[in-house]
Amino acid sequence: MFASLMFLSAAVTMDSHLPPLKPWQGESVTLMQEKGPLTTDFELSGGMRSPNYEDTMAFVDRLVAANPTQFKVQTIATSSAGRKIKMLVANEQGLFDAAQLTSDAKPTIFIQAGIHSGEIDGKDAMFMLLRDIATGKRRDILSKVNILFIPILNVDGHERSSQFNRINQRGPVEMGFRTNGLNLNLNRDYTKLDTPEVRGVLKVINTFKPDLYVDVHVTDGADYQYDVTYGYNPVFSSESPSVSEALDTMFKPIIDAKLTKMGHIPGPLVFVMDKRDFKKGLAGWVATPRYSNGWGDLRSLPSILVENHSLKPYKQRVLGTYVFLDGAIDALAKNNQALQAAVKKEREFKPTQLVVERSYATEPDTLVFKGIKYTRSKSELSGQAEVAYLGEEESYDALPIYWQKIVKKTVNVPSAFYIPPAYSAIISKLKLHGVEVLRVKDTGPKSLTQASVKDYTFANVPFEGRFRVEASFDYKSITDVDVTGWYKVSTNQPYSELATHLLHPEAPDSFFAWGEFNTIFQRTEYMENYALIPYAKQMLQEQPELALEFDQKVREDKAFAKDPEARLNWLYKRSPFYDQAYLQYPILMAFEQPSMEQ
Ligand SMILES: [Zn+2]
């Protein structure tokens, strides 16, 4: 509190450390109103401020009060600190229940603001758009689509408000913090589902079945001319290429034309290979399943990640978001049937192999890019060459871009996964993911494949509160497994690709990699030498081949011969007393044609 009071007078000039800016006056400023009903806090502050949680929720209530036949608010989750996460549902005829809404012929757009609560542009943009619907200025919108809108997803982070939360961002004057009340990044939680916030989002998606999902952010990184950048996994590395193609050919042209007409510069979603030398090129990122849009890609849910440019002023970004969303709504209304056909095609596609890890191409593609001039000179502070952006335009005809085109790891997709009933937490998470899980009735013994951990490394620092594990595996066939009472996840279902990413232990976003199965790394029963030695003697007498193997090992492996513990362990491991579950991944896989290679 003290800090924010002390620096209040500096609020307007808080960006003097940022690269120079060209004045902007786009056509979209005409969207703002200075007075009249439902003027937003953003507008009242001249595009400088965003309201706090309490005022935000009060404004949601005012919107609903102004248009109760078309707007309704509901709570989708409660944050760990106890704040309600609210969602506004908008429908022309007042069909607010999920069952009613999903049977409505109009498509549904789901707009999510403030997953990173400092990047809050979506909230203030949607408040203006909803106001324009409520006051009748944009009556057309609800004749085209239904709207689901979360004004703040990360409600706890939103109230950790400060002028000092994002050093690279121009406004609002005070903004929320990136992570939630437990310092978890919600946009890394789409597979492990540790947070009530993201669990709430998945429930919305499963019940309301939106046709388009938009997650609004603000960038970090380089300076360039674009103010609104957005993207989705590109066709060549998407798990739902037909959906990406539909977004490319049917959505992008409409959205870009609208943004351009209203004075914005739409651009591609890009990251920089070398932050200290822009010309080296761009990194064409592919979202993995832990991100909203990577998860959406696996579910064949058309998902757009909006990243407004952090160096552009708040007012410009919010107005750009309004225009973007207006364009996305327009494109959805015009192309919903084609988009649905693409979704259906992708959900019916059943791969036998799945790429679970990619890396950047060594040879770049190129793209035309609207950049900003910069110099590089040695910084006294860092002691190395650093970039200074000059605020002047510099366009590139062929800027290198390195897409994640190289396939690093592929896994075979089993026909089904079998999960022991003790892993009820995994079953619950799968259901939250919308994955179909069936209890196995008596089916008789089966031949299944088990993954055994060969080598493993635990991360030595936590990531998202978890100690992740990397492992390699051996695969073996086991016969006569009775899985009665277990849970079966067939890959002959719409979300088979997501299920495989979650359940295959070699997938980097699997429950296994996130540490959900760390107890298999523990040995919890031990032997006493006085008990093992007589038992092992008898075992070797009864199994002469084993005795030969032991003798040979003692003869040939000097270190082994000299290590009493290793010798006894070798014997213990071959006895039936040894824990058969140690280092065994408990989820079994069925392959139509038993396949051992991975
Ligand atoms: Zn973000």
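This is a predicted model: local features need pLDDT of at least 70, side-chain atom pairs count only at pLDDT 80 or more; totals for chains, interfaces and linings use all residues.
View 1. Asp15 is partly exposed, at 30% relative accessible area.

View 2. Three residues hold the donor atoms here: His116 through ND1, Glu119 through OE and His217 through ND1, at 2.0 to 2.1 Å from the zinc ion. Along the chain, their spacing reads H-x2-E-x97-H. His116 counts as buried because its relative accessibility is 4%, under the 20% cut-off. Glu119 is buried too, at 2%.

View 3. Four strands line up in the order β8-β9-β13-β12, with mixed pairing. β8 (271-272) and β12 (365-378) are the edge strands; each has a single partner, so one side of each has no neighbour in the sheet. β12 pairs with β13 (residues 385-403) in the antiparallel sense, over 12 bridges.

**View 4. Arg376 reaching Asp277.** These two form a salt bridge, with the closest N and O atoms 4.0 Å apart. Arg376 lies in strand β12 and Asp277 in the loop between β8 and β9 (282-284), so the pair ties together parts that are 99 residues apart in sequence. Arg376 counts as partly exposed at 38% relative accessibility, while Asp277 is buried at 15% relative accessible area.

**View 5. A buried pair and a charged network.** Lys192 and Asp189 form a salt bridge, with 2.9 Å between the closest N and O atoms, and both residues are buried. Elsewhere, Arg138, Asp140, Lys144, Lys258, Asp326, Asp330 and Lys334 are linked in a network of salt bridges. The count for the model comes to 37 salt bridges.

**View 6. Glu346, buried with no salt bridge.** Glu346 lies in helix α11 (residues 314-348). What is the nearest side chain of opposite charge to Glu346? That's Lys345, 5.4 Å away. Leaving out residues up to four places away in sequence, Glu346 touches Glu239, Ser240, Pro241, Ser242, Val243 and Ser300.

Technical notes: Residues are numbered from 1 along each chain as its sequence is written. Side-chain values use heavy atoms; hydrogens and water are left out. Donors are N, O and S atoms within 2.8 Å of the metal (3.2 Å for Na, K and Ca); water is not among the atoms, so sites may look incomplete. Buried means under 20% relative accessible area, exposed over 50%, partly exposed in between (1.4 Å probe, protein chains only). Two strands pair if DSSP finds at least two bridges between them. Helices (H or I, at least four residues) and strands (E, at least two) are DSSP runs, numbered from the N terminus. Lys and Arg count as positive and Asp and Glu as negative; His and the chain ends are not counted. Contact means heavy atoms within 4.5 Å.
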